[in-house]
Amino acid sequence: MRVLVIEDDTTLGHALQEFLVEQGYAVDWLQEGDQVLGAVAGQAYDLLLLDLNLPGMSGLDVLRQLRANGQQIPVLILTARDGVEDRVAGLDAGADDYVTKPFELPELAARVRAFARRRAGQAQPFIEAGPLVFDTVGREVRVHGERLALSVRELSVLEMLMGRAGRVVTKRQIVNSLSAWDADFSENAVEVYVYRLRKRLEGTGAGIQTVRGFGYLLDVESAA
């Protein structure tokens, strides 16, 4: 999942970016409201974490403009404004969730996971594909109860393939979903991670097929 953080406080913005990257997300970070509309027009995001007190365009105006432009990106407001009228204004402007500062990072992570499940059309914090079970809370994959030893990148690529099991996922989709602006993550890198995952999945009853000219498909019928 690719997340855009809009937070003008340098310390908090940097902390949020680092924390969410550790959770397995691709994260971009902006500090001014005026930058958001252009960023969203040029890149597909799965979630925006939006402060309200921003230089340039306020967070509330950013949100109203996004919705006026027909943007349906889920928005979670992170703000020090804790009055009832502020929460009502944010939600009525089109926010999907509202969290007041200070907040606990584990709670934020749980809310972000809830958005990820909703995006994938899942109610439970697990993704199941054949013998594979992905725990989105614990960030691990198990096969027949045994944990697979995977790197963060391998885990993220497999999560994407499991969420679309039986459907083709292109290299470009993987890059766009897992690569932040400052990340050196290319289609060639995708090939490397897929190769490693194939090795990890040998003998599990699941495999990754290459659909030539299109991308990859997680096959849980046969370990091809």
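How many salt bridges does the structure hold? The structure holds 14 of them. Before I go on, keep in mind that this is a predicted model.

Let me pick out one of those salt bridges. The side chains of K101 and E7 meet, with 2.7 Å from N to O. What I like here is where the two residues sit. K101 is in the loop between β5 (97-100) and α5 (105-120), and E7 is in the loop between β1 (2-6) and α1 (10-22). That puts the partners 94 residues apart, so to speak, and the pair links distant parts of the chain.

While we're in that stretch, a word from the record. An unreviewed UniProt entry annotates residues 2-116 as "domain: Response regulatory". In the model, that span is 44% helix and 20% strand, and its end C-alpha atoms lie 10 Å apart.

Okay, further along the chain. Here we have an open sheet of four strands, paired antiparallel, in the order β6-β7-β8-β9. The edges are β6 (126-129) and β9 (146-147); each has a single partner strand, so one side of each is left without a neighbour in the sheet. Inside the sheet, β7 (residues 132-135) and β8 (residues 140-143) run antiparallel and are joined by four bridges.

Now the helices. α6 (residues 152-163) lies across β6, β7 and β8, and runs at about 115° to β7.

What does α6 do with α8? Their axes cross at roughly 85° and come within 10 Å. The two helices are therefore roughly perpendicular to each other. On the α6 side, the contact uses R153, E154, V157 and L158; on the α8 side, Y193, V194, R196, L197, R200 and L201. Sorted by class, that contact has six nonpolar residues, four charged and no polar ones.

Then there's α7 (residues 171-178), which packs with α8 (residues 187-201) at an angle of about 100°, the axes being 9 Å apart. That angle makes α7 roughly perpendicular to α8. Which residues meet? K171, R172, I174 and V175 in α7 meet E187, V190 and E191 in α8. By class, this contact has three nonpolar residues, four charged and, again, no polar ones.

So, to wrap up the helix part: α8 is roughly perpendicular to α6, and α7 is roughly perpendicular to α8. That's what I had, so over to you.

Technical notes: Residues are numbered from 1 along each chain as its sequence is written. This is a predicted model: local features need pLDDT of at least 70, side-chain atom pairs count only at pLDDT 80 or more; totals for chains, interfaces and linings use all residues. Side-chain values use heavy atoms; hydrogens and water are left out. Two strands pair if DSSP finds at least two bridges between them. Contact means heavy atoms within 4.5 Å. Axes are lines fitted to C-alpha atoms, for helices over the stretch in contact, and angles run from 0 to 180 degrees between N-to-C directions. Angles under 35 degrees count as roughly parallel, over 145 as roughly antiparallel, 65 to 115 as roughly perpendicular and the rest as oblique. Ala, Val, Leu, Ile, Met, Phe, Trp, Tyr, Cys and Pro count as nonpolar, Asp, Glu, Lys and Arg as charged, and the others, Gly among them, as polar. UniProt positions are given in the numbering used here, feature names are shortened, and annotations may be inferred rather than shown by experiment. A salt bridge is a side-chain nitrogen of Lys or Arg within 4 Å of a carboxyl oxygen of Asp or Glu.
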